[in-house]
Amino acid sequence: MRKYNIPHKFQLTTIIELYAQWIKEGRLKVNADWNRDIGAKFTVQDPCNIARKSGSNKIVDDLRFVVKTVVGEENFIDTVPSRMNNFCCGGGGGALQAGFPDQRRAYGKIKFDQIKATGADYVIAPCHNCHGQIEDIGLHYGGRYHVVHLWTIICLALGVLADTERAYLGPDLAEVGL
Amino acid sequence: MAEAIKIDTLDVELKEAVLDKVPDANFDLCLTCGTCTGGCPASEQFGMDPRKLIRMLNFGMDEEILKSDWKWVCSMCGRCQLACPMNINIPKLIYNIRAKMAREKRPKGILGSCDQHIRTGSAMGAAKEDFEFTVLDVAEEIREGHPGFEDLEVTVDRVGAQMVLNQNSREPVTEPEEMGPLWKILHLVGADWTYPSVMWAGENYCMFLADDEGWRYIIEEFVLHVDNNLKSPLVVNTE
């Protein structure tokens, strides 16, 4: 809309900012009790569009606030670098469908090494391009992490994640709260 | 003895064409420091990197630039520009190099997704009827089978809802049960929301295709629908 100067009456926001707002307002009653004993480790992928390309760290800081709230601060391990200086996963800009898989995977090696260095069991990827690419490079380079949507972990923490909504969870979390 | 290159006499057609569209792209300010390249994961693929690209652009090596497939490996992530001391707009250069290619010759996967989006409202080609059928069907399953969510409400095109959500088309098309957790959160916080039936999908492959016309059409249709038909004050990007 900005690019084409298309006038619009509505405001634009992201679900991540709303999650953070709802937690702060007490409307989204969520905590990390479920993960206290399990201690599953999480990291996040900062999608370029909501990090660097949004022009500020606002959304990715909200993302960290939400993730730390639902998995426990001690179970969150950030990548280096991260937030606005994050490395792109290599799946964006159409790369996943551009037809150059060898180059796309070589590009993704930096992301893979970054994730591996965190030692995290789970990567929360709040973007479908990132989700697809990080899953693919994990398989390609032999990673042992799982890639999950943020809503999956929020619902796990809320105790409302059904057995049919666990396709991306590993065996350690597959039964939690059922 | 080697002869110095006469900068003033170089034919830099591509550079001038891109500068016409992106006047503040700063290509002439390049210090050749290589900071862009040092931090670019696409460096060295197809023998190219951002510094080399700017050099080639400034030397007028248009044919070599346009020939390279590197423009489809670069994801326009913007890390080069963030690091660049002279704020050179390399992502927009890539976009405009992509746009120089005949539309039908651009990568089939991206082209197909863009065309589907223009035609149906989503890159995976699910028309609004299919989308509506799927979400209402999954919502019914949740109401019937997930205790505590008997009152879960999912609507399409509900006029006057407080917020309109987009949805990546991968979910309704390939993994519909993944929409459930999002809806449950919205239900538990008491959000007043709806999906739009027009251009409902969150992705935009026309942007990746560098198809200005298609990109603009998708956004315009969406804006008109939300502002004029749904009259919702807030649009929520779900990814």
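1. In this predicted model, B:V164 has B:V235 of β3(B) as its bridge partner. That pair belongs to the pairing of strand β1 of chain B, residues 163–165, with β3(B), where the two strands run parallel and are joined by 3 bridges.

2. Strand β3 of chain B, residues 234–237, also pairs with β1(A), in the parallel sense and over 4 bridges.

3. The contact between the two chains takes 51 residues from chain A and 51 residues from chain B. On the side of chain A that touches chain B, the elements giving two or more residues are β1 (11–14), α1 (15–25), α3 (101–118) and α5 (150–158). By class, the residues on that side of chain A divide into 29 nonpolar, 16 polar and 6 charged.

4. Chain A also has an open sheet of 3 strands, in the order β2-β3-β4, and here too the pairing is parallel. The edge strands are β2 (42–44) and β4 (146–148) of chain A, each pairing on one side only, and the twist from one strand to the next averages 30°. Within this sheet, β2(A) pairs with strand β3 of chain A, residues 122–124, in the parallel sense over 3 bridges, and A:F42 stands opposite A:Y122 in β3(A).

5. Helix α2(A) lies across β2 and β3 of chain A and runs at about 170° to β2(A). This helix, residues 58–71, also meets α5(A), their axes coming within 9 Å and crossing at roughly 35°, in a left-handed crossing. The residues that meet are A:V66, A:V70 and A:V71 in α2(A) and A:L150, A:I153, A:I154 and A:A157 in α5(A). What classes of residue does the contact of α2(A) with α5(A) have? There are 7 nonpolar residues, with no polar and no charged ones. Helix α5 of chain A is also among the elements listed for the side that touches chain B.

6. Chain B is divided into domain 1 (10–101) and domain 2 (108–236), and the centres of these two domains, taken over C-alpha atoms, are separated by 35 Å.

7. Helix α8 of chain B, residues 128–145, packs with helix α10 of chain B, residues 179–188, at an angle of about 70° and with the axes 11 Å apart. Because angles of 65 to 115 degrees count as roughly perpendicular, α8(B) is described as roughly perpendicular to α10(B). The crossing is right-handed, and in it B:V135, B:V138, B:A139 and B:I142 of α8(B) meet B:M179, B:G180 and B:W183 of α10(B). By class, this contact has 6 nonpolar residues, 1 polar residue and no charged residues.

8. A further helix pair in chain B is formed by α7, residues 108–120, and α12, residues 212–230, whose axes come within 10 Å and cross at roughly 35°. Here α7(B) passes α12(B) in a left-handed crossing. The contact is made by B:C114, B:H117 and B:I118 of α7(B) together with B:G214, B:Y217 and B:I218 of α12(B), and by class it has 4 nonpolar, 2 polar and no charged residues.

How values were computed
Residues are numbered from 1 along each chain as its sequence is written. Chains are lettered from A and ligands numbered from 1 in the order in which they are written. This is a predicted model: local features need pLDDT of at least 70, side-chain atom pairs count only at pLDDT 80 or more; totals for chains, interfaces and linings use all residues. Two residues are in contact if their C-beta atoms, placed from the backbone, lie within 7 Å. Ala, Val, Leu, Ile, Met, Phe, Trp, Tyr, Cys and Pro count as nonpolar, Asp, Glu, Lys and Arg as charged, and the others, Gly among them, as polar. Two strands pair if DSSP finds at least two bridges between them. Domain bounds come from an automatic or database domain assignment. Axes are lines fitted to C-alpha atoms, for helices over the stretch in contact, and angles run from 0 to 180 degrees between N-to-C directions. Angles under 35 degrees count as roughly parallel, over 145 as roughly antiparallel, 65 to 115 as roughly perpendicular and the rest as oblique. A crossing is left-handed if the near helix is turned anticlockwise from the far one by less than a right angle, and right-handed if clockwise.
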